[in-house]
Amino acid sequence: MKIGILGVGHIGKTLSRKLSAAGHDVQVANSRGPETIDSEVLAFGARAVDAADVARGVEVLILSVPLNRMPATASLVASLPADTVVIDTSNYYPARDDRIQAIDAGQVESEWVVEQLKRPVAKAWNAIGSDSLARKGSAPGTPGRIAIPVAADRDRDLAVTLSLVEDTGFDAVNAGSLADSWRQQPGAPGYCTDLTREELVQALGAAERSRLPQRRDLAFAAISERFAGVGTNPDADYAVRLGRALYM
Ligand SMILES: NC(=O)c1ccc[n+]([C@@H]2O[C@H](COP(=O)([O-])OP(=O)(O)OC[C@H]3O[C@@H](n4cnc5c(N)ncnc54)[C@H](OP(=O)(O)O)[C@@H]3O)[C@@H](O)[C@H]2O)c1
């Protein structure tokens, strides 16, 4: 497929490598220009382009930018045909992102993204840490293969996104609609805890919505202390252990 990826940080760079290695035609962009994109991002054939060109001609656009930057992508997304699959990898951490009152008040993260973009999205690759995404993929059928949840409201968005998640080396699990995608957000038992398909299905069902924000914020505080303010996930094993202790 022809895929654009906006954002080549911890998550986007690995998606670029894996999806181009799987045979997809990938173009990537960040906010600073193609000359600032590391060669490792392009190692398997992806091309670096200007952000204004990353959605040109694509069948799938992956938005892998911080949640608080989503509104800045709306004009780019508005240029896409209605049937283009747009995939959102984002998570909300109030202590890192600008506070978003609607989400603090209980709106599901990807439903807020849909409002900003004024079009449907699928949610994927948000519930795996960057280190696990880069290092822990495996071939289909491998015992203990890690699973990743996918939520979407349109059948084609769901089918395409499930297939792309498999291409990155993980079992893809249909987690339901965007309205249900709080089950795969920070603080939930299936969030960044590196579970198998069977374990993930159980974890999605066991999630308790009212407990998520407090658990999310506890984990963020612990990770920030451990990594001196780094808000992402540089040590999957630490973050996976922490997530299993706090969320499950
Ligand atoms: N890190 C994790 O373990 C993890 C796991 C799952 C999901 N996520 C989520 O995935 C998303 C990306 O996370 P990340 O850790 O990969 O972030 P990151 O390392 O901070 O990278 C963010 C990327 O987005 C680009 N960007 C930001 N605003 C942009 C804009 N307006 N136009 C074009 N590019 C823009 C940045 O480019 P410049 O540097 O040029 O500005 C950078 O390439 C976040 O929403 C995060 O919550 C992260």
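Predicted model: local features only at pLDDT ≥ 70, side-chain atom pairs only at ≥ 80, totals over all residues.
Reader: Does A51 count as buried, partly exposed or exposed, and why?
Author: Buried would need under 20% relative accessible area, and exposed would need over 50%. The value for A51 is 30% relative accessibility, so A51 counts as partly exposed.

Reader: Which residues is A51 in contact with, leaving aside its neighbours within four places in sequence?
Author: Let us look along the chain before we get to the contacts. A51 and Q27 are 24 residues apart along the chain, and their C-alpha atoms are separated by 9.9 Å. Leaving aside neighbours within four places in sequence, the contacts of A51 are L6, A29, N30 and L76.

Reader: What separation do the C-alpha atoms of F44 and A21 have?
Author: F44 sits in the loop between strand 2 (25–29) and strand 3. Not counting residues up to four places away in sequence, F44 touches R17, S20 and A21. F44 and A21 are 23 residues apart along the chain, and the separation of their C-alpha atoms is 5.2 Å.

Reader: Which backbone oxygen does the side chain of S20 reach?
Author: S20 has its place in helix 1 (residues 12–21). At 7% relative accessibility, S20 counts as buried. Leaving aside neighbours within four places in sequence, S20 is in contact with L15, V26, F44, G45 and A46. At 2.5 Å, its side chain reaches the backbone oxygen of S16.

Reader: How many residues of helix 1 are buried?
Author: The buried residues are G12, T14, L15, S16, K18, L19 and S20. Their cover includes strand 1 (2–6), strand 2, strand 4, helix 5 and helix 6. Helix 1 is mostly covered, and of its 10 residues the number buried is seven.

Reader: Which residue takes a positive phi just after helix 1?
Author: Look just past the end of helix 1, where phi is about 105 degrees. The residue with this positive value is G23.

Reader: Is K118 buried or exposed?
Author: K118 is in the loop between helix 4 (109–117) and strand 6 (122–123). Its phi is near 60 degrees, a positive value in a residue other than glycine. The relative accessibility of K118 is 73%, and the limit for exposed is over 50%. Therefore K118 counts as exposed.

Reader: And is W125 buried or exposed?
Author: W125 lies in the loop between strand 6 and helix 5 (130–135). W125 is not a glycine, although its phi is positive at about 60 degrees. Its relative accessibility is 1%, so W125 counts as buried.

Reader: What length does helix 6 reach from its first C-alpha to its last?
Author: Helix 6 covers residues 155–167 and has 13 residues. At 1.5 Å a residue, 18 Å is expected. Helix 6 comes close to that, reaching 19 Å.

Reader: Which residues of helix 6 are buried, and which residue follows with a positive phi?
Author: The buried residues in helix 6 are D157, L158, V160, T161, L164 and V165. Helix 6 is followed by a residue whose phi is positive, near 105 degrees, and that residue is G169.

Reader: At what distance does the side chain of T161 reach the backbone oxygen of D157?
Author: T161 belongs to helix 6, and at 0% relative accessibility T161 counts as buried. Not counting residues up to four places away in sequence, T161 touches V85, I87, A122, A124 and V150. The side chain of T161 reaches the backbone oxygen of D157 at 2.6 Å.

Key: Residues numbered from 1 in each chain as written. Heavy atoms only, no water. Helix = DSSP H or I, 4+ residues; strand = E, 2+ residues; numbered from the N terminus. Expected span 1.5 Å × (residues − 1). Buried < 20%, exposed > 50% of the residue type's maximum accessible area, 1.4 Å probe, protein only. Polar contact = N/O pair within 3.5 Å; in protein donor to acceptor, adjacent residues only side chain to side chain. Contact = heavy atoms within 4.5 Å.
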